[in-house]
Amino acid sequence: MIQQLINYILRDCFTKQEALKRLLELREALSKQLFASAKVNIQYDPAFPPLTTDNFDKVFDETENEIKKIPELTIFTALELPKEEILKLGSYLRQNFTSHQLMELKVDPDLIGGATLAWQGTLRDYSLRSKLKSLRTKNQ
Amino acid sequence: MIINLFKKFFKPKDLSEKDYDLIRQAIKKAQTILAKAELESIQTVADNRVLNRKLEEEYEEQITTRATEVEREFTQFLKDLQVRAEQSQLLLENTSRQKTEEVLQRFEKNLASFLAACQQQGIGSINAEVNTAKKLIEDYKKQRMATIDENIADIVEETTAKVLSKKLSLKDQTDLIYEALEQAKKDNLIS
């Protein structure tokens, strides 16, 4: 159930921040419906089993913890990407790396172009700045 | 007096008239001897006085003679001494002059050698200094050229960065990002 909820949330969320925000919004919306209206269960998606008053909090808490545990790829770019490009980028990561890949986007104009990637303590510089520097070193 | 003395020490009833006569005779003889001795002593003293006077006169005469001789000898000695001193002075002057000339000649010779050696050394030092200076200039030139190259490279890099930043479109940027991600995939960054 938790994995199902995670899949549901991450369907169109590519950053951890977004995912947690989406989870919170869903929790609040469903909570109102479930606890305020004296329903016994509620479904956030017809494809998934319903949540009850007994397991509601537990499910959401555990889902939140699991989402927080997901490692995110930090991508430094030279400029801020528009929303549609972020969505494309997120999809690309899900297709080429892991199915639940999350990213964190940061801007560093000094990179000029390309990207610098940080993943679980490892940093790789694929920016234009780095390429220019290596060209210079080669020529010296 | 003698009789009184005698009487003092010997009791009168012990001696006879004969004894007294003997004593009187002895005393008389003693007095005679004493008088004679006195006379002789006076005579001796007088004789001695004359002799002393004579000896004094002789002594004085001899002293005077001897003093005159000594004075004459001393004067001669002083004259001889003066002559010898003058001779020694002359000899000393000549020797000093000669020695000084020798010393000066030796000094001149040594000075000339020293100056020649200094000159040689000086030329050698100057050459060494010139070579060192040349090397320093060369090193400095290389260093400056390297700094200039560095500066040029900095300028080129900066200019390229500025131009590229302005010229790259959104598509160019996203293409470069995807290129980076492709490279990361090849490098197995995310496993």
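Biologist: How many salt bridges does the rule find across the interface of chain B and chain A?

Modeller: Five. This is a predicted model, where local features need pLDDT of at least 70, side-chain atom pairs count only at pLDDT 80 or more, and totals for chains, interfaces and linings use all residues. Side-chain values use heavy atoms, with hydrogens and water left out, residues are numbered from 1 along each chain as its sequence is written, and chains are lettered from A and ligands numbered from 1 in the order in which they are written.

Biologist: Why is the meeting of A:Arg136 and B:Asp154 called a salt bridge?

Modeller: The term asks for a side-chain nitrogen of Lys or Arg within 4 Å of a carboxyl oxygen of Asp or Glu. A:Arg136 and B:Asp154 come to 2.5 Å, N to O, so the pair qualifies.

Biologist: And which helices of chain B supply at least two residues each to the side that touches chain A?

Modeller: α2 (17–167) and α3 (170–186) of chain B; helices here are DSSP runs of H or I, at least four residues, and strands are runs of E, at least two, numbered from the N terminus. α3(B) gives the largest share, 13 residues.

Biologist: What makes up the contact, and how much area is buried?

Modeller: Contact means heavy atoms within 4.5 Å, and 26 residues of chain B and 29 residues of chain A take part. The buried area (accessible area, 1.4 Å probe, that two parts lose on being put together, summed over both) is about 2,600 Å², 68% of it on carbon and sulfur atoms. On the chain B side, B:Leu181, B:Leu189 and B:Ile190 lose the most area to chain A, together 26% of what that side buries.

Biologist: Now the sheet in chain A. Why are β4 (102–107) and β6 (122–127) called edge strands?

Modeller: Two strands pair if DSSP finds at least two bridges between them. In the open sheet, ordered β4-β3-β5-β6 with mixed pairing, β4 and β6 of chain A each pair on one side only, so they are the edges.

Biologist: How do you know that β3 and β5 of chain A pair?

Modeller: Four bridges join β3 (residues 72–77) to β5 (residues 114–119), running antiparallel, so the pair meets the requirement of at least two. One example is A:Thr77, whose bridge partner in β5(A) is A:Ala115. α3(B) packs on this sheet, touching β3, β5 and β6 of chain A, and its direction makes about 40 degrees with that of β5(A); axes are lines fitted to C-alpha atoms, for helices over the stretch in contact, with angles from 0 to 180 degrees between N-to-C directions.
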